[in-house]
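Work through the exercises below with the sequence and the model at hand, and try each task before reading its solution.

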Amino acid sequence: MTVERTKGPDNVRVPAARSRNNDQTLQVMQLNCSGMEGVTPQALGFTYWFDAKPAGAPYSVTIRFSGTRQGVEGRATSSDRFSVLRTVDRVIPGSGRVALTTRVLDIEQGEWQITAEPVLPGSKAKAPQAFVARRTTLPSASTSGTTSFAPVVRVRAPGVRLGAWPALVLTGAVVALVLQAVLAQHRGLPTLRLLAVSLIASVVGIVGAKLYYLATHRDEDRGLLVTGMSIQGFVLGAIAAVILGGLLVGIPIGQYLDVLAPGLLFGMAIGRLGCFFGGCCAGKATGSRWALWSSDRTIGVRRIPVQLVESAVAGALAVLATGAVWW
């Protein structure tokens, strides 16, 4: 997705197609929590819905979003309005309903009037921000809504379940530790010492997951606390800590890794469900019938459900590994 922020009034209008109700085309995120109303920082999130073409070649869609803060006393300033462009670079025909979610951060708190106008890029050689007012089949829309708590707005989108990722990842970690303890006791290993090392290794793994994500997503300007995590970094960090910790407390490394593997795979199987419902690690958009509608927190569309595929594979391997270690 290409993002461009523009300044000044919106002078270009695209003839609007016959559209459905605005409430179905343009929606504003609302946080139904009175205790967090007015808590800074504030942000405005909204979603534009449209239908992909039924057939043809992949194409791009550009929407200009304009907003004006309501109830402004005196002369409005630049902080009381915004104009942003959002482009979906590759819309797959036959992929059905598409949701384009946009967030405007560092914005004045209050109620905003928002309009969405489909536009087509003009010749950038003549005018870098020119747009051609040619007819499009996409509808224009307008609606109003209020700002919400920015950290929540950053992760909310249609199809994304708030809190699903941390809840399922935590559940996977608990299941992994419990299974590890059961297998350790069955194999006659010092269970308490093993669990203590595993807990420390989990913390090291979280740090490794953060650092691995930062190293592989250098284009994202985000801090360590709010950035994402990669399972590859967790596995590398946790395994290194397990080997070092096992040597220090006198647990045979080979047997330790044996009882560790099934739990780690079960944890991945459960945690990847959190990725699917939490809107991360999303697959590519497709028009295939076996695709599932899901979101990457920005674009919601029918996608290859890679998170569910990995979850199923990890779960199957976990069952086989558990049987191998037990018997």
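**Exercise 1.** Decide whether Cys281 is buried, partly exposed or exposed, and state where Cys281 is placed.

*Solution.* In this predicted model, the relative accessible area of Cys281 is 41%. Buried would require under 20% and exposed over 50%, so Cys281, at 41%, is partly exposed. As for its place, Cys281 sits in the loop between helix H6 (253-278) and strand E11 (292-295). A further step concerns the backbone: most residues other than glycine have a negative phi. Cys281, which is not a glycine, has a positive phi near 55°.

**Exercise 2.** Describe Arg297 by its phi, its loop and its accessibility.

*Solution.* Begin with the backbone, where Arg297 has a positive phi of about 80° although it is not a glycine. Next, locate Arg297 in the loop between E11 and strand E12 (299-303). Finally, its relative accessibility is 24%, and therefore Arg297 counts as partly exposed.

**Exercise 3.** Find how many residues the largest nonpolar core has, and list what Phe65 touches.

*Solution.* The largest nonpolar core has 26 residues, and Phe65 is among those with the most contacts inside it, as are Leu26, Leu44, Phe46, Tyr48, Ile63 and Phe82. Elements giving two or more residues to this core include strand E2 (26-28), strand E4 (59-69), strand E5 (81-91) and E12. Leaving aside residues up to four places away in sequence, Phe65 touches several residues, including Leu26, Phe46, Tyr48, Phe82, Arg86 and Thr115. Another core, of 14 residues, lies apart from this one, and Leu179, Ala184, Ala201 and Val325 are among its members.

Note on methods. Residues numbered from 1 in each chain as written. Predicted model: local features only at pLDDT ≥ 70, side-chain atom pairs only at ≥ 80, totals over all residues. Heavy atoms only, no water. Helix = DSSP H or I, 4+ residues; strand = E, 2+ residues; numbered from the N terminus. Buried < 20%, exposed > 50% of the residue type's maximum accessible area, 1.4 Å probe, protein only. Core = buried A, V, L, I, M, F, W, Y, C linked by side-chain atoms within 4.5 Å. Contact = heavy atoms within 4.5 Å.
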